[in-house]
Amino acid sequence: MTLTSGRFISHEYDRMIVRFSMHDGNREIPCAISTSAMDYLERGPQARPEQREAQFTRLRDRIEARAASKYRATEFEGTPPGIVLRGIDFRT
């Protein structure tokens with residue numbers, strides 16, 4: 001099944017990640033992206049903590065496309081299993 005957009009959950013400053021979800025049918029898939037990966041995607045100055053949700057929204061299509069790719073490849077991490085995106089996931 002194809003993943004669909006879920007929700008923005010939070011920016012966790014201490015862990016330097018943005019948590020979000022995606023859906024596989026009715027199943028919610030936990031996901032996270034490092035803030036450094038988002039800064040890499042924008043190729044600009046580092047965003048401030050209060051700018052992270054807006055930054056995620058701007059990059060959402062690219063982030064979710066990569067998360068869906070890792071989901072199809074069953075590249076899960078953590079407990080509960082989820083998708084974790086880092087800068088290396090966007091380098092070609």
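Is Lys70 buried or exposed? Lys70 is buried, at a relative accessible area of 4%; here buried means under 20%, exposed over 50% and partly exposed in between, for a 1.4 Å probe and protein chains only. The views below come from a predicted model, where local features need pLDDT of at least 70, side-chain atom pairs count only at pLDDT 80 or more, and totals for chains, interfaces and linings use all residues. Residues are numbered from 1 along each chain as its sequence is written, and side-chain values use heavy atoms, with hydrogens and water left out.

**View A. Lys70 and Glu77 are in contact.** Lys70 sits in helix H2; helices (H or I, at least four residues) and strands (E, at least two) are DSSP runs numbered from the N terminus. Skipping neighbours within four places in sequence, Lys70 is in contact (heavy atoms within 4.5 Å) with Glu75, Glu77, Ile83, Val84, Leu85 and Asp89. Glu77 belongs to the loop between H2 and E4 and is partly exposed, with a relative accessible area of 30%.

**View B. Helix H2 has a kink centred on Leu59.** The kink in H2 (residues 52–72) comes to about 70°, the bend at a residue being the angle between axes fitted to the seven residues ending there and the seven starting there. Leu59 itself is among the buried residues of H2, which also include Arg52, Phe56, Ile63 and Tyr71. The buried residues of H2 pack against strands E1 (4–12), E2 (17–24), E3 (27–34) and E4 (83–85), plus helix H1 (35–42). After H2 comes Thr74, with a positive phi near 50°.

View C. Leaving out neighbours within four places in sequence, Ile63 is in contact with Phe20, Ile33, Met38, Leu41, Phe56, Leu85 and Phe90.

**View D. Helix H1 packs against E1, E2, E3 and H2 through its buried residues.** Those buried residues are Thr35, Ala37, Met38, Asp39 and Leu41. Just after H1, Arg43 takes a positive phi of about 50°, although Arg43 is not a glycine. Arg43 counts as exposed, at 63% relative accessibility.

**View E. The largest pocket has 19 lining residues.** A pocket, on a 1 Å grid over the protein atoms alone, is an open set of points where a 1.4 Å probe fits, with protein on both sides within 12 Å along at least five of seven lines; lining residues have an atom within 4 Å of a point. Nearest the centre lie Arg15, Ile17, Cys31, Ala32 and Val84. E3 gives the most to the lining, with five residues.
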